[in-house]
Amino acid sequence: MSAADKPPANEPSSFAFNEDNLKKAAAIVSKYPEGRQASAVMPLLDLAQRQHDGWLSRAAMDYIADYLGMPPIRVYEVATFYTMFNLKPVGRHHVQVCTNLACWLRGSDDVVNVCRNKLGIGFGETTADGEFTLSEVECLGACVNAPMMQINDDYYEDLSPETTEAVLDDLRNGKTPKTGSQIGRCSSEPVGGLTSLTEVAGSPEAAKATKSAKTAGRRKKEDDG
Ligand code: FES
């Protein structure tokens with residue numbers, strides 16, 4: 001949400017951390033040196049957002065400013081800069097599609113179209129039943145597994161139109177979709193499988209590879225010396 005967006009009409013007039021979050025906030029702030037408590041602004045905004053159904057009211061931002069002894073404008077600057085902070089209510093599932101370069105080159109337009117058609121909403125909108133909000137976001141740091149989208153705290157990567165649809169269907173039906181790569185690769189391994197360090201730890205092949213590496217290292221040392 002940009003600073004230009006209007007806040008919701010019926011914003012709550014007050015906010016305060018609950019008991020549990022007061023303890024968490026104190027623990028977070030204690031990680032920073034005396035006089036540097038303002039550095040805790042992002043984790044505290046995140047804490048406030050999680051307590052407040054996934055979005056930050058003006059009252060919540062003012063509370064954080066007061067808690068950290070910061071001018072409120074400094075907190076607004078942070079909250080309006082990062083798309084991870086929502087300044088108006090969002091649906092139960094916040095679908096954030098990355099359309100930055102790597103994802104775009106790898107088909108994020110298709111992912112966006114599926115989301116639009118399936119949910120019947122555009123960017124910045126929430127379905128009438130309050131279940132889904134659709135947002136366009138910049139790079140989420142998972143370019144190697146592009147295209148991808150984030151839904152609440154989970155990443156869904158290596159998406160195709162079909163797998164995007166399946167993820168949304170699962171959520172709609174109360175199921176828990178598989179997170180991470182949707183084509184089954186582990187983390188960010190090459191799509192075609194491992195190309196180096198292919199020996200299984202502890203196997204004879206691995207022992208042989210270790211021995212050859214040691215021998216090569218010793219020879220190089222002798223040559224250099
Ligand atoms: S460009 Fe989409 S995660 Fe980086």
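This report describes the domains, sheet, helix packing and nonpolar cores of a predicted model.

**Domains**

The protein is divided into two parts, domain 1 spanning residues 19-81 and domain 2 spanning residues 93-181. Their C-alpha centres are separated by 28 Å.

Helix α2 covers residues 41-51, and its buried residues are Val41, Leu44, Leu45, Leu47, Ala48 and Gln49. The cover over these buried residues includes α1 (19-29), α3 (58-68) and α4 (72-81). A general point on helix geometry applies here: an α-helix has 3.6 residues a turn, so residues three or four places apart point the same way. Just after α2, Asp53 adopts a positive phi of about 55°.

**The sheet**

An open sheet is formed by 6 strands in the order β2-β3-β1-β4-β5-β6, with mixed pairing. Because β2 (125-126) and β6 (180-181) stand at the edges with a single partner strand each, one side of each is left without a neighbour in the sheet.

| Strand pair | Sense | Bridges | Facing residues |
|---|---|---|---|
| β1 and β3 | parallel | 6 bridges | Cys98 and Val137 |

**Helices α6 and α7**

Helix α6 (residues 108-119) packs on the sheet, where it touches β1, β3 (132-137) and β4. The direction of α6 makes about 150° with that of β1. Helix α6 also packs with α7, at an angle of about 40° and with the axes 9 Å apart; the crossing of α6 past α7 is right-handed. On the α6 side of this contact are Asp110, Val111, Val114, Cys115, Lys118 and Leu119, which meet Pro161, Thr164, Glu165 and Leu168 of α7.

The loop between α6 and β2 holds Gly120. Is Gly120 buried or exposed? Gly120 is exposed, because 12 other C-beta atoms lie within 10 Å and a residue counts as exposed at 12 or fewer. The C-alpha atom of Gly120 is 27 Å from that of Phe81, and the two residues are 39 residues apart along the chain.

In soluble globular proteins, nonpolar side chains tend to be buried together. Here the largest nonpolar core has 19 residues, and those with the most contacts inside it are Val95, Val97, Val111, Cys115, Met148 and Met149. At least two residues of this core come from each of β1, α6, β3 and α7 (161-172). Helix α6 gives the most, with 5 residues. Apart from this core lies another, of 15 residues, which includes Leu45, Leu47, Leu56 and Tyr67.

Which residues does Met149 contact, leaving aside its neighbours within four places in sequence? The contacts of Met149 are then Val95, Gln96, Val97, Cys98, Val111, Tyr156 and Leu159.

Technical notes
Residues numbered from 1 in each chain as written. Predicted model: local features only at pLDDT ≥ 70, side-chain atom pairs only at ≥ 80, totals over all residues. Pairing = 2+ DSSP bridges. Helix = DSSP H or I, 4+ residues; strand = E, 2+ residues; numbered from the N terminus. Contact = placed C-beta atoms within 7 Å. Axes fitted to C-alpha atoms, helices over the stretch in contact; angles between N-to-C directions. Buried ≥ 20, exposed ≤ 12 C-beta atoms within 10 Å, placed from the backbone. Domains from an automatic or database assignment. Core = buried A, V, L, I, M, F, W, Y, C linked by C-beta atoms within 7 Å. Left-handed = near helix turned anticlockwise from the far one by under 90°.
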